[in-house]
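Student: I'd like a close look at a single part of this model, and then how that part sits in the whole chain. Could you walk me through it in one go?

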Amino acid sequence: MKEARRKQRAFGFDGASCVHPKVVPILNRAFSPSPEALDHARRLIAAAEQAKARGEGAFAFEGRMVDEPVIKRARALLDREP
């Protein structure tokens, strides 16, 4: 399942359709963000708020440059939090 989920996410999928209600919990687990991903997104958003307060549009976070599209993806990930 993990390999299939990884492939689906690589193709841009963030969910799937199902016919039977018993499949819903399985799909929810498969497509819900991991605790690590949620933690990373929270820390990134906090760093973005600090950068914004300093008047910075782009900033470095954990060795990578971050700008508005990356921040939007982090916010979207947090919106999917179970």
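Tutor: Let's start with Phe31, which is found in helix 2, the run covering residues 24-31. Keep in mind that this is a predicted model. Is Phe31 buried or exposed? Its relative accessible area is 7%, and the cut-off for buried is under 20%, so Phe31 counts as buried.

What does Phe31 touch, then, once its neighbours within four places in sequence are set aside? Its contacts are Arg5, Gln8, Arg9, Phe13, Asp14, Gly15, Ala16 and Arg80. Take Gln8 from that list: 23 residues separate Gln8 and Phe31 in sequence, while their C-alpha atoms are 9.4 Å apart in space.

Now over to the largest nonpolar core, which has 13 residues. The members that touch the most other members are Leu44, Ile45, Phe59, Phe61, Val66, Ile71 and Ala74. Which elements give two or more residues to this core? They are helix 3 (35-53), strand 1 (59-61) and helix 4 (68-79). Helix 3 supplies the largest share, with 7 residues.

Going along the sequence, they come in the pattern α-α-α-β-β-α. How spread out is the chain? Its radius of gyration is 16 Å, whereas the globule rule gives 12 Å for 82 residues, so the chain is more spread out than a compact globule. Along the principal axes, its C-alpha trace spans about 50 × 20 × 20 Å.

Back to burial, this time for the chain as a whole: buried residues make up 21% of the 82. As for contacts, take those between residues at least 6 apart in sequence: 50% of them join residues at least 24 apart.

Last, the surface and the charges. On the charge side, you can count 16 positive and 11 negative side chains. The centres of those two sets lie 7 Å apart.

Key. Residues are numbered from 1 along each chain as its sequence is written. This is a predicted model: local features need pLDDT of at least 70, side-chain atom pairs count only at pLDDT 80 or more; totals for chains, interfaces and linings use all residues. Side-chain values use heavy atoms; hydrogens and water are left out. Helices (H or I, at least four residues) and strands (E, at least two) are DSSP runs, numbered from the N terminus. The radius of gyration is taken over C-alpha atoms; the globule rule is 2.2 Å times the number of residues to the power 0.38. Buried means under 20% relative accessible area, exposed over 50%, partly exposed in between (1.4 Å probe, protein chains only). Contact means heavy atoms within 4.5 Å. Lys and Arg count as positive and Asp and Glu as negative; His and the chain ends are not counted. The place of a charge is taken as NZ of Lys, CZ of Arg, CG of Asp or CD of Glu. A nonpolar core is a set of buried Ala, Val, Leu, Ile, Met, Phe, Trp, Tyr and Cys residues joined through side-chain atoms within 4.5 Å.
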